[in-house]
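Good morning, and thank you for making the time.

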Amino acid sequence: MQSVDRAIQILEMLARDGEAGVAEVARELGVHNSTASRLITALSGHELVERLADTRRVRLGVGLLRLAGATAFRLDVTTQAQPVCDTLSDELGETVNVAVLTGDEAINVCQAQGTSAVATQNWVGQRTVLHATSSGKVLLAYLDDDERETRLAFPLDRFTERTLTSVTDLRGELVTVRENGWACAIEELETGLNAVAAPIRSHDGSVIAAISVAGPTYRLSPDRLPDVAVAVVSAAESISRRMGYRGSADEL
């Protein structure tokens, strides 16, 4: 923990001063030059700082822009999606979530609680598996082939009797997701819970998130899912437009 704290201090120092030498960093931290140098080397390995060859000093690196960009993207999706989620939740009376891909999981970044909800559950910040959720299937379906196969290289956990644990079957369903433009999960993560999701696109057309509607099977029955999907796809299109996407509705 001490090393992490010191590394953060270096970043804060460079943000304040612009650049610094190893000796200056060591004095700021109250450590030996060798310790400061090792910390700088570690940060440099992740492009969080960069060395200036002509002066042997360091400054903040491009890796911070990458991290800041990821944060800005999530905040932007949340900002643009929230009013659409609120409207969709009011229309359907069910809980609406927006999720983004993080590693091998989906993380919920936005939620609107439905008026018909039996119990209030805050999903924001919670991570869910990809193969047993409607949002996860959407995020998987629109990955590049290599990225998708990397995430399908491990055994698929079973959560209910309906969970797809066959990679072959899941691949087939993901083809259907791309053809239909939406995904569903029928009691695959939790018994008695169904969900529908559709892709959200960025300005360049890439899928950056999924919006989903979830509810108990007695309200969100399998027969009702196609009709609900129409509203979910429309909401996804609306958020995509707010994110700058101007492609055809068919692509969504």
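Which residue in S3 stands opposite alanine 20? That residue is valine 58. Before I go on, a word on conventions: this is a predicted model, in which local features need pLDDT of at least 70, side-chain atom pairs count only at pLDDT 80 or more, and totals for chains, interfaces and linings use all residues. Residues are numbered from 1 along each chain as its sequence is written, and side-chain values use heavy atoms, with hydrogens and water left out.

Helices (H or I, at least four residues) and strands (E, at least two) are DSSP runs numbered from the N terminus, and two strands pair if DSSP finds at least two bridges between them. Strand S1, residues 19-20, runs antiparallel to S3 and is joined to it by two bridges. Strand S2, residues 49-52, also pairs with S3, residues 57-60, in the antiparallel sense, here over four bridges. Valine 58 in S3 is the bridge partner of arginine 51, while leucine 52 stands opposite arginine 57. Four residues lie between the strands of this S2 and S3 hairpin, and arginine 56 there takes a positive phi near 60°.

Let me turn to the interior. A nonpolar core is a set of buried Ala, Val, Leu, Ile, Met, Phe, Trp, Tyr and Cys residues joined through side-chain atoms within 4.5 Å, where buried means under 20% relative accessible area with a 1.4 Å probe, protein chains only. The largest such core has 31 residues, and those with the most contacts inside it include Cys85, Leu88 and Val232. Among the elements that each supply at least two residues of this core are helix H4 (63-92), strand S9 (207-216) and helix H8 (225-242). The largest share, nine residues, comes from H8. Apart from this core lies another, of 18 residues, among them Ala106 and Val177.

Leucine 88 touches, among others, Ile211, Val213 and Val232, leaving aside residues up to four places away in sequence; contact here means heavy atoms within 4.5 Å.

Finally, H8 itself. Its 18 residues reach 25 Å from first C-alpha to last, close to the 26 Å expected at 1.5 Å a residue; that expected span is 1.5 Å times one less than the number of residues. The buried residues of H8 include Val228, Val232, Ala235 and Glu237. After H8 comes glycine 244, whose phi is positive, near 100°.

Technical notes
Buried means under 20% relative accessible area, exposed over 50%, partly exposed in between (1.4 Å probe, protein chains only).
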